[in-house]
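Here is a short briefing to read alongside the sequence and the coordinates. Take a look at the model first, and then we can walk through it topic by topic.

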Amino acid sequence: MSTHEGDMYVGHQFEDAEQQLDSYSIGMWLFLVTEVLFFGGLFLAYIIYRTRYTQAFVAAHHELDWRLGGLNTVILITSSLTMALAVRAAVLNRMKAVLGWLGLTLLCASGFMVVKYVEYSAKFEHHLFPGPKFEFQHAGVDSGQAQMFFNLYFAMTGLHGAHVLIGMITMMVLAIRLWLMRKQRVDFIPIELTGLYWHFVDLVWIFLFPLFYLVGGN
Amino acid sequence: MSFEPARPKVYLLTFAALLVLTAITVFAAKLTLPKIPMGIMVLDLNIVLAMAIACVKASLVVLYFMHYKDMGQVSRVWAVAGVFFLLIMFFLTLGDYENRPSEETVGWTESGPLHDARP
């Protein structure tokens, strides 16, 4: 049978609340390690192609608007702050505050996706999506090499965007669950773990932003 | 990990530091820093600087937002292992690419992909 230690719900398979929390935390970090390596492979591909096709990558990166990328960076950092505050409110068992901070985080995430949509549609319009319609003309730059830049851009920001979407779905499910169980004490572990995932998504963008939007702009 | 939540001030300071570092990244990208040739690769100090700032930002996120400071020992081991595994993958793969003389004759050339029968 499960017990309650202080105010904490403790599953019957755990010694105490601290062991329970540690176990969940270890599992989440283990998952995040696989995610790091998942994205790591793509970053590695970026490094290798960038060192070989430097000129083409520099020319192609001017097609991306660093102001939109910067805006998305600020949005994601803000969402990380609101997520951290949601976790804090959950630990303190402040139900309304949790829902409020989660809502703000969702708002930021939606804002990120809207900016991404604007960026992606501009790329499609300008024939910069890799494929038979790809067109990139720049003096002294091989269009195939430039296409590799956009291959990596769409693969990496696309995978990152998918993570943002998964994070948003998780937060919505969490918010609904919290609302349904609003009479009970908040179990903060699901929120803490979602928070870890969300901060990881922010972390990936911290590296994507300079690599795609900024570097080598001279 | 403990049940004691951090004060909001800690989160707000982390947030402010991340914003300032983002501004510095944008500013640093406008500078023209030297490029140092290393084998078939070129070490671009602009990228080195941008990645260094990104690493500082990532550390702030992990330390304060992801509660590294309050985590259990085993979780910490995994967090560090993630970076460690990543570095193994990077160094072994890049070392391999660096030392392949045939690498330069594989892939795209000025006139298009090698061994490509495109019209």
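Among contacts in chain A between residues at least 6 apart in sequence, what percentage join residues at least 24 apart? The figure is 72%, where two residues are in contact if their C-beta atoms, placed from the backbone, lie within 7 Å. Please keep in mind that this is a predicted model, in which local features need pLDDT of at least 70, side-chain atom pairs count only at pLDDT 80 or more, and totals for chains, interfaces and linings use all residues. Residues are numbered from 1 along each chain as its sequence is written, while chains are lettered from A and ligands numbered from 1 in the order in which they are written.

**The two chains**

- Chain A has six helices and two strands, and its pattern along the sequence reads β-β-α-α-α-α-α-α; helices (H or I, at least four residues) and strands (E, at least two) are DSSP runs, numbered from the N terminus.
- The C-alpha trace of chain A spans about 70 × 30 × 30 Å along its principal axes.
- Chain A has 218 residues, of which 40% count as buried; a residue is buried if 20 or more other C-beta atoms lie within 10 Å of its own, exposed if 12 or fewer, and partly exposed in between, with C-beta atoms placed from the backbone.
- Chain B has three helices and four strands, which follow one another as α-β-β-α-α-β-β.
- In chain B, 19% of the 119 residues count as buried.
- Of the contacts in chain B with a separation of 6 or more, 52% are between residues 24 or more positions apart.

**The largest nonpolar core**

- The largest nonpolar core holds 75 residues, and those touching the most other members are A:Ala86, A:Ala90, A:Val98, A:Phe149 and A:Leu208; such a core is a set of buried Ala, Val, Leu, Ile, Met, Phe, Trp, Tyr and Cys residues joined through C-beta atoms within 7 Å.
- At least two residues of this core come from each of α1 (17-52), α2 (54-61), α3 (66-91), α4 (95-125), α5 (143-180) and α6 (189-214) of chain A, and also from each of α1 (8-30) and α2 (45-65) of chain B.
- The element giving the most to this core is α6(A), with 17 residues.
- Leaving aside neighbours within four places in sequence, A:Val98 is in contact with A:Ala86, A:Ala89, A:Ala90, A:Leu178, A:Val186 and A:Ile191.

**Helix packing in chain A**

- The axes of α3(A) and α4(A) lie 8 Å apart at an angle of about 165 degrees; axes are lines fitted to C-alpha atoms, for helices over the stretch in contact, and angles run from 0 to 180 degrees between N-to-C directions.
- The two helices α3(A) and α4(A) are therefore roughly antiparallel to each other; angles under 35 degrees count as roughly parallel, over 145 as roughly antiparallel, 65 to 115 as roughly perpendicular and the rest as oblique.
- The crossing of α3(A) and α4(A) is left-handed; this term applies if the near helix is turned anticlockwise from the far one by less than a right angle, and right-handed applies if clockwise.
- The contact of α3(A) with α4(A) involves 19 nonpolar residues, six polar and one charged; Ala, Val, Leu, Ile, Met, Phe, Trp, Tyr, Cys and Pro count as nonpolar, Asp, Glu, Lys and Arg as charged, and the others, Gly among them, as polar.
- For α2(A) and α5(A), the axes come within 8 Å and cross at roughly 60 degrees, which makes α2(A) oblique to α5(A).
- The crossing of α2(A) past α5(A) is right-handed.
- On the α2(A) side this contact is made by A:Ala56, A:Phe57, A:Ala59, A:Ala60 and A:His61, and on the α5(A) side by A:Gln145, A:Ala146, A:Phe149 and A:Phe150.

**Where the chains meet**

- In total, 45 residues of chain B are in contact with 43 residues of chain A.
- On the side of chain B that touches chain A, α1, β2 (41-44), α2, α3 (73-98) and β4 (112-113) of chain B each supply at least two residues.
- The largest share of that side, 13 residues, comes from α3(B).
- That side of chain B divides into 33 nonpolar residues, nine polar and three charged.

**Two residues of chain B**

- B:Met51 sits in helix α2 of chain B and is partly exposed, with 16 other C-beta atoms within 10 Å.
- B:Thr32 lies in the loop between α1 and β1 (35-38) of chain B and counts as exposed, with 10 C-beta neighbours inside 10 Å.
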